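Trainee: I have a new model open on my screen and would enjoy walking through its packing with you. Could we take it piece by piece?

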Amino acid sequence: MAATPQNPAAAAPRRKVSRHRGEGQWAAGHHTPLNGNEQFKKDDDGLNVRTRIETIYSKRGFDSIDPNDLRGRMRWWGLYTQRKPGIDGGKTAILEPEELDDKYFMLRVRIDGGRLTTQQLRVIGEISQEFARGSADITDRQNIQLHWIRIEDVPEIWNRLEAVGLSTTEACGDTPRVIIGSPVAGIAEDEIIDGTPAIDEIHERYIGSKEFSNLPRKFKTAISGSPLLDVVHEINDIAFVGVEHPEHGPGFDLWVGGGLSTNPKLGVRLGAWVPLEDVPAVWAGVVGIFRDWGYRRLRTRARLKFLVADWGPEKFRQVLEDDYLKRKLVDGPAPAEPSGRWRDHVGVHRQKDGLFYVGFAPRVGRVEGATLTKIAEAAEAHGSGRVRTTVEQKMIILDVEEAQVQPLVEALEALDLTAKPSPFRRGTMACTGIEYCKLAIVETKQRGATLIDELERRIPEFDEPLTININGCPNACARIQVADIGLKGQLVLNDRGEQVEGYQVHLGGALGLEAGFGRKVRGLKVTAEELPDYVERVLKRFQAEREDGERFAAWASRAPEEALS
């Protein structure tokens, strides 16, 4: 059609008109799935996969599993395929998922608040030995992970776990993950408030419920009334931090929007004080906002931290109060600075009832199933029936009479589980790494254990609190950005020009006191082989140059780059 004065539009080519899809926020009317993850969740709720595992996959084997279940919905029940052995880190981002998949699974046992009975710990240990080749790792979110799990064995494993009150429900997936809590809740002499009733109510009402089983991505919760600030509250999607209100008494300060990975953000205070009995409702309100307003278009922006950053704390609180709670929250105080230099509860400590708890340190969270059963036996032999895991990959035995403390410490030492660890053993943690993880580029667990041994030998006099966090990829499962020394796994060139495993170094990160992310020195990358030499060199410079009472993080933030290389 020719252009005319009556039809000027004919002079221009027609443009395709498409509906604006926004960020995939349900509350804005954007319900069309915008990526594969959102599509498979719409097709079938992740919780429904359990029936297929029990009735089909466990009977027909690995090759019968639908791909959307295998790499998607099975996470809703704590199952990830693990990495096929022998695939080096250079191929992690190149190979297709089915090329990386082994026919075995990682199984994550959900342990809300880190609370275990010795019977439960023994059952996990027995499952590890019978079904997981003896593997077991304590995570930095208080769970225990097993490896080498066959799909044929999963129903029996569930039966044994559930018989003692444990589960793998929503241990992974786009769900409310494990609720981390103070491992000394209800027993610590200095506790502000015990958050255990809130953890229990949230778990009973919402975990495994389809109300929150389809979130934009994972949702992480922390609840603690400890003045040690012992649940890394700044890097959770939601955190309730114990505070004393000048008028209303003990309760919780509400934080939202924390998270690390490749785009780290510290959580922000909403300035609201929440009494213990209101924690579950406020938690559900925040999760509801995430479900309804979270960004579902791009997986890289699908965490709550991005919504909080865009809205700001004032709008977020307003929406929470007006649209979800239908009432105003009470303004409240910020938490005080942490009351201790370490927050892991390692060592011998008196409980408020006059008994004692004993915290001890495995190496980078790596334990064996046989060791877990021996820990349960040692606890029971010395009068305890309760054990806790911590967010620092440590463990605690509760309720020990004073006369039994030293015998228990000696029994743990015989298992290479010391209650008096060096700063290196106490402060070093590591993610799963290339041994099992399909995202990893380098090895982590054994390297962390070796680094501990080397530093204990080379700098035996070092006695300052120090965190060394080792991660196998950029995703920061081991919290590299908030460690004194954070090591992000990547392939680097050695002095011979060969590509080898190594780490980008982050220095001076911290949580609690002066929380912030570590600095990256331009061009500073260390090969795995050079790692002990590098850490020794930096720590000796710190010892020589620090001011009185100065922490490593403070020194690293002011030191010239040449001192950090």
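Trainee: How are α9 and α10 oriented to each other, roughly parallel or roughly perpendicular?

Mentor: Keep in mind that this is a predicted model. The axes of α9 and α10 come within 6 Å and cross at roughly 105°. Angles from 65 to 115 degrees count as roughly perpendicular. So the two helices, α9 and α10, are roughly perpendicular.

Trainee: Let's follow α8, then. How are α7 and α8 placed, oblique or roughly parallel to each other?

Mentor: The axes of α7 (residues 196-206) and α8 (residues 279-293) come within 9 Å and cross at roughly 50°. The crossing is right-handed. Angles under 35 degrees count as roughly parallel. The arrangement of α7 and α8 is therefore oblique.

Trainee: And which residues of α8 meet α7?

Mentor: On the α7 side, the residues are Ala198, Glu201, Ile202, Arg205 and Tyr206. By class, the contact of α7 with α8 has seven nonpolar, no polar and two charged residues. The α8 residues are Val279, Pro280, Trp283 and Ala284.

Trainee: α7 also lies across some strands. At about what angle does α7 run to β6?

Mentor: Six strands form an open sheet with mixed pairing, in the order β6-β7-β8-β9-β10-β11. Its edge strands, each pairing on one side only, are β6 (176-181) and β11 (330-331). Helix α7 lies across β6 and β7 (219-224), and its angle to β6 is about 165°.

Trainee: Staying with that sheet, which residue in β10 stands opposite Asp253?

Mentor: Look at β9 (residues 249-256) and β10 (residues 268-274), which pair in the antiparallel sense over four bridges. Opposite Asp253 in this pairing stands Trp273.

Trainee: There is an open sheet of five strands as well. Which strands are its edges?

Mentor: The order is β17-β18-β19-β20-β21, with mixed pairing. Each edge strand pairs on one side only, and these are β17 (428-430) and β21 (519-527).

Trainee: Over how many bridges do β19 and β20 pair?

Mentor: Ile485 stands opposite Leu507 in β20. Strand β19 covers residues 485-493 and β20 covers residues 499-507. They pair in the antiparallel sense, and the bridges number nine.

Trainee: Helix α14 packs on that sheet. What angle does the direction of α14 make with that of β18?

Mentor: Helix α14 (residues 445-458) touches β17, β18 (468-471) and β20. Its direction and that of β18 make an angle of about 155°.

Trainee: And for α15, what is the angle with the direction of β21?

Mentor: Helix α15 (residues 531-545) packs on the sheet too, touching β18, β19, β20 and β21. Between the directions of α15 and β21 the angle is about 140°.

Terms used:
Residues are numbered from 1 along each chain as its sequence is written. This is a predicted model: local features need pLDDT of at least 70, side-chain atom pairs count only at pLDDT 80 or more; totals for chains, interfaces and linings use all residues. Side-chain values use heavy atoms; hydrogens and water are left out. Axes are lines fitted to C-alpha atoms, for helices over the stretch in contact, and angles run from 0 to 180 degrees between N-to-C directions. Angles under 35 degrees count as roughly parallel, over 145 as roughly antiparallel, 65 to 115 as roughly perpendicular and the rest as oblique. A crossing is left-handed if the near helix is turned anticlockwise from the far one by less than a right angle, and right-handed if clockwise. Contact means heavy atoms within 4.5 Å. Ala, Val, Leu, Ile, Met, Phe, Trp, Tyr, Cys and Pro count as nonpolar, Asp, Glu, Lys and Arg as charged, and the others, Gly among them, as polar. Two strands pair if DSSP finds at least two bridges between them.
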